[in-house]
Amino acid sequence: MKKLFIVANWKMNGDKRFNEQLMRYINEQVFKNSNLEVIICPPFTYLTQILELKISCIKIGAQNISEKKDGAFTGEISGSMLQDLKLDYVIIGHSERRQMYNDDDNVIARKFELAHQNKLTPILCVGESLNERNHGQTLSVVESQIKSVIEATQIELFAKSIIAYEPVWAIGTGETATSIQAEEVHSSIRAIIETYDSNIATSIPILYGGSVNAANCKDLFTMVNINGGLIGGASLNGEEFVEIYQTAEKIINE
Ligand code: PGA
């Protein structure tokens, strides 16, 4: 049976009151299920609040991790601090960080390694821009983003990692890759990993992200190589997020 992951990326949204309402709603609708993992990634300042509010089957992730271990790095949050909170996941290489905060391939590889050193499962985001897609470069871009991490670290780390394919042109735009476009990239990602390790290629969860909502998630999540979604905007709406969760639940129970 397929395992699905529903990951909420709240980005820089929310406040204590909003978070509390949203989490109370989600808590009531989500049930323990070993084939369906719900992961909430709030801003750093609300991690503790959400850890205290959430029911036990919901997992929590951070949206970023410093590429430094510790020391004089004003404003940064280290992997050991995230581990101190007993988080399970961390998003790495989101296109907003690649584009606006200079997270290049070297930085991303260091973050990926530090996540593992601190027992956090990285959710490594990859994806092409619109311009790259229009020039037929989608697969080569994704390949180089993944290979740069594998080659700077080691393939074995991918046995306990998640990849999220997020075409940049689909993030927050309301425009989604079709399930066929997404499936094509997801199966290519498995083929890239297969050249290093075939077991990891088969088992690694590959999520799709980019304007996932209640209306389009079924088509995406039923594709063979898509193991769930990384959800931004729609994760801030309790009803919509729960609908996505329930769609995933139906798919794995079918
Ligand atoms: P979106 O964001 O669902 O709002 O497109 C997804 C993401 O950036 O992870």
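Which residues touch the most other members of the largest nonpolar core? They are Ile40, Phe158, Ile189 and Phe221, in a core of 68 residues.

## The model

This is a predicted model, where local features need pLDDT of at least 70, side-chain atom pairs count only at pLDDT 80 or more, and totals for chains, interfaces and linings use all residues. Residues are numbered from 1 along each chain as its sequence is written, and side-chain values use heavy atoms, with hydrogens and water left out.

## Nonpolar cores

A nonpolar core is a set of buried Ala, Val, Leu, Ile, Met, Phe, Trp, Tyr and Cys residues joined through side-chain atoms within 4.5 Å. Buried means under 20% relative accessible area, exposed over 50%, and partly exposed in between (1.4 Å probe, protein chains only).

Ile40, Phe158, Ile189 and Phe221 touch the most other members of the largest core. Helix α11 (residues 238-253) gives this core its largest share, seven residues. Helices (H or I, at least four residues) and strands (E, at least two) are DSSP runs, numbered from the N terminus. Another core, of twelve residues, lies apart; Cys125 and Leu230 are among them.

## Salt bridges

The whole structure holds eight salt bridges (a side-chain nitrogen of Lys or Arg within 4 Å of a carboxyl oxygen of Asp or Glu). One joins lysine 11 and glutamate 96 at 2.8 Å, N to O. This pair links distant parts of the chain, 85 residues apart.

Aspartate 103 pairs with arginine 97 at 3.3 Å, N to O. Aspartate 103 counts as buried because its relative accessibility is 6%. Arginine 97, at 23%, counts as partly exposed. Arg97, Asp103 and Lys111 form a network of salt bridges.
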